[in-house]
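This briefing covers strand pairing, the ligand site and a few backbone features. Please read it alongside the sequence and the model.

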Amino acid sequence: MLFKQQALLRQKLFLLGSLAIGSLLYLVARVGSLDRLQPLCPIDGRFGPRGQDEIPLRALQFKRGLLHEFRKGNATKEQVRLHNLVQQLPKAIIIGVRKGGTRALLEMLNLHPAVVKASQEIHFFDNDENYAKGIEWYRKKMPFSYPHQITIEKSPAYFITEEVPERIYKMNSSIKLLIIVREPTTRAISDYTQVLEGKERKNKTYYKFEKLAIDPNTCEVNTKYKAVRTSIYTKHLERWLKYFPIEQFHIVDGDRLITEPLPELQLVEKFLNLPPRISQYNLYFNATRGFYCLRFNIVFNKCLAGSKGRIHPEVDTSVINKLRKFFHPFNQKFYQITGRTFNWP
Ligand code: A3P
């Protein structure tokens with residue numbers, strides 16, 4: 001009898017031991033794969049003593065849990081009421097620039113516990129059909145959030161569309177506007193690469209970048225080519241300045257966001273009057289992707305989709321030089337207006 005009991009106890013101990021070792025091995029594997037930069041879970045530690053600007057911890061805990069489900073539209077009315085969730089109009093909009101790194105910026109800002117992103121580009125202000133549906137339609141497109149959080153959306157077409165500044169002004173004249181820019185020639189080539197990929201997907205042929213960017217009759221830069229026009233940042237910004245003072249804009253360096261995202265994000269936190277919450281822990285370099293990826297917590301991390309970070313086709317050096325020379329005076333004006341200087345050639 002005693003022997004039987006001892007055997008049973010040994011069996012139980014063995015089972016418990018295996019379970020503990022198994023969990024430990026899983027944790028080690030998980031932590032190792034995360035390429036960790038900081039201690040195990042510094043999220044709690046990032047919240048100092050309760051202060052005025054403090055964001056309730058539950059907001060962060062829900063970031064990849066319940067709130068994620070709510071954002072996907074999986075919330076019942078009861079849950080919305082219970083958690084006091086609301087759909088708020090954006091307090092800040094990433095208005096552009098297309099291929100500047102707008103998706104990376106939005107996703108990275110969404111790491112902040114006080115920020116909630118509208119996942120899709122809503123195209124409310126640039127699309128007449130959507131705009132005609134009214135502001136309530138727009139608000140209903142926003143994700144659920146806690147009242148203390150701010151909603152951010154991004155639609156890069158806003159920056160270059162004539163009607164948009166006035167329409168946004170009518171919604172909220174004190175809204176904060178984020179513009180992420182890259183060296184204009186690189187941005188234009190990135191823009192071209194995206195269109196080219198779309199054509200290839202449909203088995204269509206397309207012109208070479210050189211042919212589109214340079215007018216064959218004059219041998220000058222083709223200013224009718226949209227990818228070129230979009231990179232004349234100052235021209236578009238001037239239209240916006242008819243409605244909003246420059247203080248309402250923040251310019252993000254899209255080239256630096258690729259190589260060194262944290263300082264750029266910290267500048268945005270400051271501009272949005274948010275307490276600094278995004279840390280190096282939230283960003284890790286993924287050598288396979290060649291980009292920084294996002295870490296929300298110990299279990300959830302993600303990289304941007306493969307359509308972000310395409311390989312650009314090689315472009316004739318003389319064309320690149322011509323474009324750079326063309327953009328130069330516009331860039332100078334842009335630096336002057338925004339007060340932010342870049343090392344663009
Ligand atoms: P490329 O595809 O030319 O490399 P947008 O989101 O506005 O379309 O911008 C896309 C660009 O975001 C990409 O352009 C890429 O370089 C840049 N980017 C910045 N940070 C990134 C990141 N962490 N992961 C992937 N792409 C990033």
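In this predicted model, strand 2 (residues 92-96) runs parallel to strand 6, and the pairing is made over four bridges. Strand 6 also pairs in the parallel sense with strand 7 (residues 249-253), here over five bridges.

**Strand pairing**
- Strand 6 spans residues 176-181 and is mostly covered, with five of its six residues buried.
- On the strand 7 side, L177 has F249 as its bridge partner.

**Ligand site**
- The ligand has 17 residues around it, of which K99, T102, S190, Y292 and H312 come nearest.
- An oxygen atom of the ligand lies 3.4 Å from a backbone N or O atom of G100.
- For R103, a backbone N or O atom lies 3.0 Å from an oxygen atom of the ligand.
- Y292 places a polar backbone atom 2.9 Å from a nitrogen atom of the ligand.
- The ligand would expose 570 Å² if taken alone, and the protein buries 97% of that area.
- Two or more residues of the shell around the ligand are given by each of two elements, helix 6 (102-109) and strand 9 (291-295).
- Helix 6 supplies four residues, the largest share of that shell.

**Cis peptide bond**
- Omega is near 0° for the peptide bond from G96 to V97, which is cis.
- V97 belongs to the loop between strand 2 and helix 6.

- H123 is a residue other than glycine with a positive phi, near 50°.
- The loop that holds H123 lies between strand 3 (115-117) and helix 7 (128-131).
- The relative accessible area of H123 is 23%, so this residue is classed as partly exposed.
- N273, also not a glycine, has a positive phi near 55°.
- N273 sits in the loop between helix 15 (261-271) and strand 8 (283-286).
- Is N273 buried or exposed? N273 is exposed, because its relative accessible area is 64% and the class begins over 50%.

Definitions and conventions
Residues numbered from 1 in each chain as written. Predicted model: local features only at pLDDT ≥ 70, side-chain atom pairs only at ≥ 80, totals over all residues. Heavy atoms only, no water. Buried < 20%, exposed > 50% of the residue type's maximum accessible area, 1.4 Å probe, protein only. Pairing = 2+ DSSP bridges. Near = heavy atom within 4 Å. Polar contact = N/O pair within 3.5 Å; in protein donor to acceptor, adjacent residues only side chain to side chain. Areas by Shrake-Rupley, 256 points an atom, 1.4 Å probe, with all protein chains shown as cover.
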